[in-house]
Amino acid sequence: MSELSRRNFLTGAAGASIAATFGTWVLANKALAATTKAFAADAEKPGHKEMNLKVAFIMTQMAAQSDQGVVQGWNDWLDRKGYTKQWDAPLQDGGGAVAKVASMLEDAVSKKVDAIVLGFAEMESLEGALQSVQKAGIPLFTVDSGWREPSICDIASNNYLMGAQTGEYLIQRMVGMGKANGNIARITANFHHGTRKRGKVFTQILSENEGIKVLDERVILYQGFFEKSMNAVTDWLTQYGDKLDAVWCPWDEPAMAAAQAILQSGRTVKDCFVVGADGHIPAVNRMRDEPDYPMVATTSQSFPLWGNMVAYYVEQVVGLKRPVKEVVPVPIINLPTPLLVKGFNLPPAGTPTWKFEDMYMLFMQQALGGVK
């Protein structure tokens, strides 16, 4: 199955067909709609009636909203294309256990599936299982797992950019409040490539803003993250009181825990604010509907679109046997992450957060005015 290998792939030409499912997002952004009309039309075509595939569809932690969003997008795409009954792809939940995910991969190899979709895995911890997949020549597609052979591609967001978006906004908000020499605390998560990258970028941002002092930092794991995040912020508020101006969090759920701790201390967003990442609907709803809610910014990831996209790649590469380099332009597919800010550009209730426009895109539209 050499045509499915990632080796020497970067020498190939970029394939325009990536935009078939990407067109759904683009249609919400008028400036891009015209150039992607053909791609969006392709996404509406019915599926191929004789395409019967056996797919190992593995999510690492279905308790996470991110995993749930990908599954939603995957199922919606299969239903729209008519593959729900044709593709044998039952959902498998790793329950957050690396050993269980590795076992699922080995089981997929033994069953000789046509393709494997793996979501939110820590690839470095699955070396043995990945070698089995590679030896068997089974096409592997990953979602937000960080690219690693033998994966054909990893579909995610640019986590370096996300770290920059929320980190820079935190600094700008501090400066705007007259606290260029203020104090923050940070919650860090190193168990996943995405949160790790965001944290590293934020560290670099802080190095260029030496007036901002980090009073403390707490490293969390996924297990029990909400309670540990809430306890950490409670401790900081007890120790530092009103000296703590802001809390940086690696994703929205710890940010919601931090916000809850601030509220329970009798404080509001006016006293201490929080930034997160992911654009989870519960977080955005509270940011929009509760004026005193301490969480003020997030970057929205398009989890359902990832599910759409990975299904499309399975169809094109495995089902239709198209060469990889005609379908997938680069091994890491990073989709847009609009910066959403409390009181400025939060989407209305019921609107997918990732379809809303980035704060700076709105600034650009203001500058353009009536220019066409």
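# Close-up views of a predicted model

**View 1. Helices α4 and α12 cross with a right-handed sense.** In this predicted model, helix α4, which covers residues 65-81, packs against helix α12, which covers residues 303-319, at an angle of about 50° and with the two axes 6 Å apart. On the α4 side, the contact is made by Ser66, Gly69, Val70, Gln72, Gly73, Trp74, Trp77, Leu78, Arg80 and Lys81, while α12 brings Phe303, Pro304, Trp306, Gly307, Asn308, Val310, Ala311, Tyr312, Val314 and Glu315.

**View 2. Ser66 is a buried residue of helix α4.** Which residues does Ser66 touch, if those up to four places away in sequence are not counted? They are Phe120, His280 and Phe303. The relative accessible area of Ser66 is 12%, and because buried means under 20%, Ser66 counts as buried.

**View 3. The largest nonpolar core has 40 residues.** In soluble globular proteins, nonpolar side chains tend to be buried together. Within the largest core of this model, the residues with the most contacts are Trp74, Trp87, Phe141, Trp306, Tyr313 and Val314. At least two residues of this core come from each of β1 (55-59), α4, β3 (115-119), β4 (140-143), β5 (151-157), α12, α13 (324-327) and β11 (332-335). Which element gives the most to this core? Helix α12 does, with 11 residues. Trp87 touches Met51, Leu53, Val55, Trp74, Trp77, Leu78, Ala311, Val314 and Glu315, when residues up to four places away in sequence are not counted. Apart from this core lies another one, of 34 residues, which includes Ile187, Leu237, Ala257 and Ala283.

**View 4. Leu118 is a buried residue of strand β3.** Leu118 has a relative accessible area of 0%. Leaving out residues up to four places away in sequence, Leu118 touches Ile58, Met59, Val101, Leu105, Met123, Leu126, Leu140, Phe141, Thr142, Val143 and Ser145. Gln92 lies 26 residues from Leu118 along the chain, and the C-alpha atoms of these two residues are separated by 9.6 Å.

**View 5. Phe120 and Lys321 each have a positive phi although neither is a glycine.** For Phe120 the phi angle is about 60°, and this residue is found in the loop between β3 and α6, the helix of residues 127-136. For Lys321 the phi angle is about 55°, and its place is in the loop between α12 and α13. Are these two residues buried or exposed? Phe120 counts as buried, at 10% relative accessibility, whereas Lys321 counts as exposed, at 65% relative accessibility.

**View 6. A cis peptide bond joins Glu149 and Pro150.** The omega angle of this bond is about 10°. Pro150 is found in the loop between β4 and β5.

**View 7. Helices α7 and α8 cross in a right-handed sense.** Two packed helices are described by the angle between their axes and the distance between the axes. The axis of α7 (residues 159-176) and that of α8 (residues 193-207) come within 7 Å and cross at roughly 40°, which makes α7 oblique to α8. Helix α7 takes part in the contact through Asn159, Tyr160, Met162, Gly163, Ala164, Gly167, Glu168, Leu170 and Ile171, and helix α8 through His193, Gly194, Lys197, Arg198, Val201, Phe202, Ile205 and Leu206. By class, the contact of α7 with α8 holds nine nonpolar, five polar and three charged residues.

**View 8. The chain as a whole has 14 helices and 12 strands.** Of the 372 residues in the chain, 54% are buried. When contacts between residues at least 6 apart in sequence are considered, 72% of them join residues at least 24 apart.

Note on methods:
Residues numbered from 1 in each chain as written. Predicted model: local features only at pLDDT ≥ 70, side-chain atom pairs only at ≥ 80, totals over all residues. Heavy atoms only, no water. Axes fitted to C-alpha atoms, helices over the stretch in contact; angles between N-to-C directions. Helix = DSSP H or I, 4+ residues; strand = E, 2+ residues; numbered from the N terminus. Left-handed = near helix turned anticlockwise from the far one by under 90°. Contact = heavy atoms within 4.5 Å. Core = buried A, V, L, I, M, F, W, Y, C linked by side-chain atoms within 4.5 Å. Buried < 20%, exposed > 50% of the residue type's maximum accessible area, 1.4 Å probe, protein only. Parallel < 35°, antiparallel > 145°, perpendicular 65-115°, else oblique. Nonpolar A, V, L, I, M, F, W, Y, C, P; charged D, E, K, R; others polar.
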